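Hi there,

Here is the structure I promised to pass on. Have a look at it first, and then read on for what turned up.

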Amino acid sequence: MPDLLREDIRLLGGLLGTVLREAGGQGLLDDVERLRELTIRAYGAHDGGATLAEAADVVAGFPLERAEQVARAFTCYFHLANLAEEYHRVRVLRDREASTTPGAVDDSLPQAFTQLAEEVGRDEALRRLEGLEFRPVLTAHPTEARRRAVSGAVRRVSTLLAERDITRPGGTSLAENERRLVAEIDTMWRTSPIRERKPSVIDEVKTAMGVFDATLFGTFPEVYRRLDDWLLDGEAGRTAPVARPFVFLGSWIGGDRDGNPNVTAEVTRQAATLAAEHALSALESAARETGRKLTLDEEGTPASSDLKALWQRMRQLSDELVTQAAADSPREPHRAAVLAIAGRVAATRRRDADLGYREPEELVADLEVVQASLVEAGAPRAAYGDLQKLVWQVQTFGFHLAELEVRQHSQVHAAALAEIEEKGVHGDLTDRTREVLDTYRALGAVQKRFGIRAARRYIVSFTQAPEHLAAVYRLAELAFDGTDDAPVVDAVPLFETFDDLENSVDILEAMLEFPQVQRRLAENGRRVEVMLGYSDSSKDVGPVAATLALHKAQSRIAEWAQRHDITLTQFHGRGGSLGRGGGPANRAVLAQPPHSVDGRFKLTEQGEVILARYGDPTIAARHIEQVAAATLLASAPTVEKRNAEARERFAPLAETLDVTSRAAFDGLVQSEGFPQWFAQVTPLEEVGLLPIGSRPAKRGLSVNSLDDLRAIPWVFSWSQARINLAGWFGLGTALRAAGEEPGGLEELQAAYRDWPLFTTLLDTVDMGLAKTQEDIAAQYLALGDRDDLARLVLDELRLTREWVLRVTGNEWPLANRRVLGRAVQLRSPYVDALSLLQVRALRALRSKGASEGLRVDDGEWVDGGYKDRWQHLLLLTVNGVSAGLQNTG
């Protein structure tokens, strides 16, 4: 561990110890320390599990109140360790940027552009850069277990930690910093880690808006600025920028109604309005700040004729506005103009139609008049400084901030159409069908107020036939009785299951015949978007077969788009965990099939991933740049050639891995009684009680079937049980089948070296294996009554670990990623402590008499009405394990 990071963690851990002693006495600190020391000794011990059993005995002896306190103590520790690691990452990034030229930084846009220019020429590289698009889409999928109140405390502690690092205070200032740290950690300890109620959809929108306010609004243009500085070198800041906005934010929060009855048409309107309020407020503030700095007097920097004409047009709109701006800026025409523009942005926010801007392009045009005037007056640095940043922000966020995307299940549309056909559009329709029609009316209202860019994509979950896409357009017509008032809608198919991926191209072919699609292609430059679901495909056929099926589908869809001269964007529905497409996004981009990216990459950013990637400006800028660089580089001839040759060379291996892994996965999940056993040995049902998201965990059915279990609790529950089964099961069997063929191991090792898709798969599984704990997992599996299934899981876990290490050549998981591997090793014993507490709670809840609850009385289990308390303990540990593992959902 780096010395500075070790110093930070020791400091925060020591201060947490002080808080625990003050809050619960020396006895609480002693209990925490005793359990901590035992789990550290047990980790990797070769004593047949004796030390772990001793730790479990300690946990079994805790009264419930003490067990809750210990769980909260370990959870607080993880929050502190996480923020220390995050801040150290920021520290490293800043030091690297200060000491390294941009073109030499790995995974940077300058490095990607340089390589691309060497291969295709600078002019072609600039053309591709101009068409670059990175579209992160924020979702409210419930995988962030941490409360906003806790997140606030974490941010405040992080700020204080940074203060120590930057100023290195001594004497009184150091003591004051430490006093404030203890106070914040005490607040974190005393803040309940579990919400009292599930957040509403609007609460989730507000959380996303907090990230926009804190980082995204300022970070996106900084990324453009850094690229422009490199491209223009010494001319940067005094000539028109080369970099153009390429990051465009999307959001499902308030639009994703698939299985979430809380997302209504009214909520969609509110979500769009709230986002626009934040965007316009931010633009107004930025415009006023920019204007106040333009204190260039008219004698040295006179206004151009175009700027004078703009001033007169604004005077005609509001004499009061320009008079005030002029009074605030005597003999400073550019300052006055920008302040007046800020006033018009404020009027736009107030919905003053006479004074406000109709669309963001009109605002950009006014700002460009000011820029041109400054250039003409010989002040290009003023034109292309903060004023250019403001232009980039308007171009990036518009007046709507993020495009709100609607998603609904195909069967809901089918049922609505059937009912309308029977009763008529004005008949006595069910609430659900009326809500479907109202959704289109909400889209129309959003577009009318904020423009087509604000909301036009309509994603169809489980698209399994062309009719599922046709329904989107037909329902839009019905909602508006066939009038011209219907909103502009682009139906986006979402292919999720194995069969849907296989049939995707046939469905797309049929879609092209729809007159509505033909009309949209003519209007939008023949642009089509297709979404691919990682989560449900993995739950359907297992992670290995799903990875291969997704790759194959992307290749076939890209070839389809080329045949029809279509500009394709493939939208990746990835989660944060390895069972849901998790892992470094930039490496995943570079492993995509030829022409499946072509300078455009779109993905979902979900749950805890949003704060992890975008919560800090430095980390957000690095993430954006890494993904954008990979997106630009993915179409480089050498990258496409490598991926194409690898796909062809390793096709027989892919077939073996597909067939054998799917058979192994089916052998487990299709076993009789598997769904019920899964619910027994993991906290599946209890996870559904955790108030971490507005959307239900299941699509209405019980655990008698996995079909309608959402992928998030499927993955989340296995990670809580320290097995991570959703990310690797079937891989060991598949690797062994391929590796035991003559020359098989050598072929697997060659694939790991030369096939980016396979490299990414194994490296991601390697990380998941590092976070499994077999001895702990065995305790979860023992909660069920199926030794055969438990044995099957543990045997496959050992087989997967053995063969992954043989193929990668590592001695242990993550051995080739020293910093990450060490961090996981150091964390695991602390997670083990929480897992032992969780197993104890699960055992109580699963035991005879659990309907009344259980308590410990002189060492005996007796009925006692303690079920709620056991559930509370379990939910506390779910929070803690999530914080410890970090990528649970």
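Let me start with one histidine. Leaving aside its neighbours within four places in sequence, His-334 is in contact with Leu-294, Thr-301, Pro-302, Ala-303, Leu-307, Val-370, Ser-373 and Leu-374. Please keep in mind that this is a predicted model. His-334 belongs to helix H12, which covers residues 333–350. Its relative accessible area is 0%, so His-334 is buried. Among its partners, Ser-373 also makes a polar contact with His-334, side chain to side chain, at 2.8 Å.

If residues up to four places away in sequence are not counted, Trp-560 touches Val-505, Leu-508, Glu-509, Met-511, Leu-512, Val-528 and Ile-566.

Next, the second largest pocket, with a volume of about 640 Å³. Its lining is made up of 30 residues, and the closest to the pocket centre are Arg-456, Arg-457, Asp-490, Arg-520 and Arg-527. By class, the lining has 14 nonpolar, ten charged and six polar residues. Which elements each supply at least two residues of this lining? They are strands E1 (133–139), E6 (490–495), E7 (527–533) and E8 (567–573), along with helices H15 (386–397) and H21 (515–524).

Last, a serine in a loop. Ser-635 sits between helix H26 (617–633) and helix H27 (637–649). Is Ser-635 buried or exposed? Its relative accessibility is 11%, and the cut-off for buried is under 20%, so Ser-635 counts as buried. The Ser-635 side chain reaches the backbone oxygen of Leu-632 at 3.5 Å. Not counting residues up to four places away in sequence, Ser-635 touches Arg-128, Asp-598 and Glu-640.

Terms used
Residues numbered from 1 in each chain as written. Predicted model: local features only at pLDDT ≥ 70, side-chain atom pairs only at ≥ 80, totals over all residues. Heavy atoms only, no water. 1 Å grid on protein atoms, 1.4 Å probe; cavity = no way out; pocket = protein on both sides within 12 Å on 5 of 7 lines; lining within 4 Å. Points joined across faces, edges and corners; volume = space filled by probe spheres on them. Helix = DSSP H or I, 4+ residues; strand = E, 2+ residues; numbered from the N terminus. Nonpolar A, V, L, I, M, F, W, Y, C, P; charged D, E, K, R; others polar. Buried < 20%, exposed > 50% of the residue type's maximum accessible area, 1.4 Å probe, protein only. Polar contact = N/O pair within 3.5 Å; in protein donor to acceptor, adjacent residues only side chain to side chain. Contact = heavy atoms within 4.5 Å.
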